[in-house]
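Please read the following walk through a protein model with the sequence and the coordinates side by side. The account moves from the strands to a loop and then to the charged side chains.

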Amino acid sequence: VQLQASGGGLVQPGGSLRLSCAASGSTFSFSAMGWYRQAPEKQRELVARITSGGSTNYADSVKGRFTVSRDNAKNTVYLQMNSLKPEDTAIYYCYGASFRGTYWGQGTLVTVSS
């Protein structure tokens, strides 16, 4: 099973980015998919997650700015990030949790800077 994340890049404060993460090689679905991030010299933190039924959870720091969604048929999870701030700068990792375990993407760098 592989998860491939994409969509990171450099954006100015107040801008938007959309991350995507597609899973391949699995014959099973993920009960939950989502995103963590890790900023320099900080611990990895949960950003957002979404269950197969569509329930979502967000870190307080991104509520109202980020939206997580998924396409179950494609085993793909998305993260729409609006009103980006410099403190959102981090490597973003997607994951998929299943009865077989948790699988991680390779990470995509998001840099918010003017």
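What follows describes a predicted model, beginning with a sheet and ending with its salt bridges.

Four strands form an open sheet in the order E1-E3-E8-E7, and their pairing is antiparallel. The edges are taken by strand E1, residues 2–6, and strand E7, residues 66–71, each of which pairs on one side only. On average, and with direction ignored, neighbouring strands of this sheet are turned by 15° against each other. Looking at one of the pairings, E7 is joined by 6 bridges to strand E8, residues 76–81, and the two run antiparallel; within that pairing, Arg 70 has Val 77 of E8 as its bridge partner.

Pro 13 sits in the loop between strand E2 (9–11) and strand E3 (17–24). With a relative accessible area of 39%, Pro 13 is classed as partly exposed, because that value falls between the 20% below which a residue is buried and the 50% above which a residue is exposed. Leaving aside residues up to four places away in sequence, Pro 13 touches Leu 84, Pro 86, Val 112, Ser 113 and Ser 114. In the case of Ser 113, which is 100 residues away from Pro 13 along the chain, the two C-alpha atoms are separated by 6.0 Å.

The charged side chains come next. Side chains of opposite charge can pair when their charged atoms come close, and the structure holds 4 salt bridges. In one of them, Arg 37 meets Asp 88 with the closest N and O atoms 3.0 Å apart. Arg 37 belongs to strand E4 (residues 32–38), whereas Asp 88 lies in the loop between E8 and strand E9 (90–98), so this pair ties together parts that are 51 residues apart in sequence. Arg 37 counts as buried at 6% relative accessibility, and Asp 88 is likewise buried, with a relative accessible area of 0%.

Asp 88 also forms a salt bridge with Arg 65, at 2.7 Å from N to O. Since Arg 65 is located in the loop between strand E6 (56–58) and E7, and Asp 88 in the loop between E8 and E9, the pair ties together parts that are 23 residues apart in sequence. Both Arg 65 and Asp 88 are buried. Through shared partners, salt bridges join Arg 37, Glu 45, Arg 65 and Asp 88 into one network.

A further salt bridge links Asp 60 and Lys 63, whose closest N and O atoms are 3.1 Å apart; here both residues are exposed.

Terms used:
Residues numbered from 1 in each chain as written. Predicted model: local features only at pLDDT ≥ 70, side-chain atom pairs only at ≥ 80, totals over all residues. Heavy atoms only, no water. Pairing = 2+ DSSP bridges. Axes fitted to C-alpha atoms, helices over the stretch in contact; angles between N-to-C directions. Buried < 20%, exposed > 50% of the residue type's maximum accessible area, 1.4 Å probe, protein only. Contact = heavy atoms within 4.5 Å. Salt bridge = Lys/Arg side-chain N within 4 Å of Asp/Glu carboxyl O.
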